[in-house]
Amino acid sequence: MRRTLLALATLCLVIVTGLAFAASPFVAAWSLREAVRTADSGTIARKVDFDGVRLSLRQSLGVHAELYGFAVEAGRQVRPTLWQRVKSALGASMIDRFIETYISPDGLPKLYRAKIAWNEKVRGRPALDTLPWRERLSAYLERLKRAEFLSLTRVEIEMADEHQPDRHFVSLMELQGIEWRLVALRVVKPGGMATPRPAASVGRLLAGS
């Protein structure tokens, strides 16, 4: 009897641990979103690999004309630094200025607020960031379109844009040490993944298959 109880307890522990592990990258993604919303630059800096995010975002930003136009306009409004003036003379674009300025610990909250202002003034759509956290989380989960474990340490999360259903954001979360970090971000059209991959179940990954 004691051996059976021990086996059951061990099984329960394995299941709970597996579920906690499976949920951890999504908890990390949500906490990063909240850090951007509240301008917590320390958390943002810890949870984002900015070199990887800048590169992946620059490569995919032209997929949507409206988003590209927003980035160009935002880049024009940034007061250039001396180095940016030099690069501009050498042919660097407003997209580069936008990426360098806003894809940073302090820049992401500014970009988030700019998006809210854009939606309110241009589209006449109210911001959802003032709702209670349960309602924000519910809306966040409703926009979740795909979650795929590529390995035990890499997870892709595809989200629909809050106001543009024809625009999805694909985040690549990677487990580095004991913390999940955002290492890449792409803008795609629904179903626009270049190479669809079958989702790996957490059970198969934990089993090592």
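Predicted model: local features only at pLDDT ≥ 70, side-chain atom pairs only at ≥ 80, totals over all residues.

**Stop one: helix H3.** Select residues 50–60, which make up H3. Now colour its buried residues: Phe-50, Gly-52, Val-53, Ser-56, Leu-57 and Ser-60. They cover an arc of only 155 degrees around the axis, which puts them on the same side of H3. Next, pick Asp-51 and Gln-59: these two are exposed, on the face of H3 turned away from its buried side.

Four strands form an open sheet here, in the order E1-E2-E3-E4 with antiparallel pairing. Which strands stand at the edges? Select 144–151 for E1 and 179–188 for E4: each has a single partner strand, so one side of each is left without a neighbour in the sheet. On average, neighbouring strands of this sheet are turned by 20 degrees against each other, direction ignored.

**Stop three: strand by strand.** Start at E1, which a hairpin joins to E2 through two residues. Six bridges link this antiparallel pair, and Ala-147 stands opposite Ile-157 in E2. Now select E2 itself, residues 154–160: six of its seven residues are buried, so E2 is largely enclosed by the rest of the structure.

Step across to E3, which pairs with E2 in the antiparallel sense over seven bridges. Look for Met-159 opposite Phe-169 in E3. Finally, select residues 168–176 to see E3, joined to E4 by nine bridges; His-168 stands opposite Val-188 in E4.

How values were computed:
Residues numbered from 1 in each chain as written. Heavy atoms only, no water. Buried < 20%, exposed > 50% of the residue type's maximum accessible area, 1.4 Å probe, protein only. Arc of directions from axis to C-beta. Pairing = 2+ DSSP bridges. Axes fitted to C-alpha atoms, helices over the stretch in contact; angles between N-to-C directions.
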